[in-house]
Amino acid sequence: MTPLKERLVQLEVLRYNPDTDTEAHFQRYEVVCQEEWVVLDALNKVKADIDPTLNFRWSCHMAVCGSCGMMINGEPKLSCHAFLRSYEGVIRVEPLAHFPIERDLVTAPDDFMEKLKRVKPYIIPKEKKPISEGEYKQTPAQLMKFRQYSMCINCMLCYAACPEYGLTPDFIGPAALTLAHRYNLDSRDGGRLARQEVVATHEGVWDCTFVGACSEVCPAHVDPASALQQMKITSSIDWIVEHLIPGGKS
Amino acid sequence: MAKSHKPVVWFPFAAGGTVIAFCIPVIVVLTFLAALGHVPSGLSYERMHAFAGSGLGKLIIFGVLALSLWSSAHRLRCTFYDFGVRADTLVATVLYVAAIVASIASALFLLRI
């Protein structure tokens, strides 16, 4: 077997310790890495060999858990999915944009978690039936309607990419709204009107200006932008029924 | 939270976006062809003038123009918003009024044909 190629990687990592720092600053690390590694491997090597005080979140190392999202050269990426061979020179690593920094590369996701709850991201059955009547069945075609929108791993890269969320923190945002859409499209679900109370507000889909950056950075190919545009159409039809058709209720 | 009334401006924007996607590239190509002296006989001045003279023709041309203008105004409003210009009411008023004035002007010109 041929030996793996090595490379001296220069990382510029944003550091912030809330106990001692008044503001965040960059720290430069030089670390020998294998050419095939990802940025997360380089960070782990730094933590193991150079600086054990460096903080960052990660878990699965295979783009499934969604916990290692960071800004890499200014772009929101999963650091386990960002190959070193894609970068030249100094690689700048910062915590996810638009979220408060807790420590170093660790951000506080509280705002996203709270918004996720508000869109009721769970099945609200059309009619409840006792367990004795068996499961709620679904055809493959019914599954395919929402499957893509169910692939979200809550990595929050779309929030870091969305200029609208950066400018208007009240915006419910791509991932949470997309999850609302996922349940709205589920044949077993009857909760769309309840979700509309959040979705059809200004802070809901109407704060989205269809920049599309969310879909570009999504590592799970969920395409949140398309979900939001589809919800704008249904919300508009609701509005017409509610306001222009006599006796119409959404 | 109250539901938003944005569909009032968004629906014509979406319709205009569709119209722009289908019609404007064709119009641009035909304009360039005409400028280079290649006018297909179906699009000769006389034929187009007759088309714009008919009631249906006026309606179609007005629909394409008005929806495209509205869509462009709304898109520009969103662009201002994305760039952080938060005087949204002022921006929206100026752009929508411009679109409406241009639409009325095109209606008047069409009616004179």
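Among contacts in chain B between residues at least 6 apart in sequence, what percentage join residues at least 24 apart? The figure is 72%. Two residues are in contact here if their C-beta atoms, placed from the backbone, lie within 7 Å.

This is a predicted model, in which local features need pLDDT of at least 70, side-chain atom pairs count only at pLDDT 80 or more, and totals for chains, interfaces and linings use all residues. Residues are numbered from 1 along each chain as its sequence is written, while chains are lettered from A and ligands numbered from 1 in the order in which they are written.

Stay with chain B. Four helices and zero strands are found in it, where helices (H or I, at least four residues) and strands (E, at least two) are DSSP runs, numbered from the N terminus. Along the sequence the pattern reads α-α-α-α. The radius of gyration of chain B is 17 Å, well over the 13 Å that the globule rule gives for 113 residues, so chain B is more spread out than a compact globule. That radius is taken over C-alpha atoms, and the globule rule is 2.2 Å times the number of residues to the power 0.38. Along the principal axes, the C-alpha atoms of chain B fill a box of roughly 55 × 30 × 20 Å. Of the 113 residues of chain B, 15% count as buried. A residue is buried if 20 or more other C-beta atoms lie within 10 Å of its own, exposed if 12 or fewer, and partly exposed in between, with C-beta atoms placed from the backbone.

Now turn to chain A. Its two parts are domain 1 (6-107) and domain 2 (110-244), with bounds that come from an automatic or database domain assignment. Taken over C-alpha atoms, the domain centres are 30 Å apart. Across the boundary, 12 residues of domain 1 are in contact with 12 residues of domain 2. On the domain 1 side that touches domain 2, β3 (69-72) and β4 (75-78) of chain A each supply at least two residues. That side divides into eight nonpolar, four polar and no charged residues. In this scheme Ala, Val, Leu, Ile, Met, Phe, Trp, Tyr, Cys and Pro count as nonpolar, Asp, Glu, Lys and Arg as charged, and the others, Gly among them, as polar.

Strand pairing comes next. Strands β1 (residues 6-15) and β2 (residues 25-34) of chain A pair in the antiparallel sense over 10 bridges. Two strands pair if DSSP finds at least two bridges between them. A:Gln10 faces A:Glu30 in β2(A). β1(A) also runs parallel to β5 (residues 91-94) of chain A, joined by three bridges. There, A:Leu11 stands opposite A:Ile91 in β5(A).

What lies in the interior? The largest nonpolar core has 61 residues, and A:Met156, A:Cys158 and A:Leu177 have the most contacts inside it. Such a core is a set of buried Ala, Val, Leu, Ile, Met, Phe, Trp, Tyr and Cys residues joined through C-beta atoms within 7 Å. Helix α6 (residues 174-184) of chain A gives the most to this core, with six residues. Domain 1 and domain 2 of chain A each contribute at least three residues to this core. Apart from it lies another core of eight residues, including B:Phe13, B:Ala66, B:Leu67 and B:Leu69.

Look again at α6(A). 11 of its 11 residues are buried, so α6(A) is largely enclosed by the rest of the structure. Among them are A:Leu177, A:His181, A:Arg182 and A:Asn184. The buried residues of α6(A) pack against α2 (110-118), α3 (140-147), α4 (157-161), α7, α8 and α9 of chain A. Leaving aside neighbours within four places in sequence, A:Cys158 is in contact with A:Pro174, A:Ala175, A:Cys214, A:Val217, A:Cys218 and A:Pro224.

Two loop residues deserve a look. A:His61 lies between α1 (39-50) and β3 of chain A. Its phi is near 65°, a positive value in a residue other than glycine. A:His61 is partly exposed, with 16 C-beta neighbours inside 10 Å. A:Phe210 sits in the loop between α7 (192-199) and α8 (213-217) of chain A, and its phi is near 60°. A:Phe210 is partly exposed, with 15 other C-beta atoms within 10 Å.

Finally, the chains meet. 14 residues of chain A are in contact with 12 residues of chain B. On the chain A side, α5 (163-167) and α9 (224-244) give two or more residues. α9(A) gives the most, with four residues. This side divides into six nonpolar, five polar and three charged residues.
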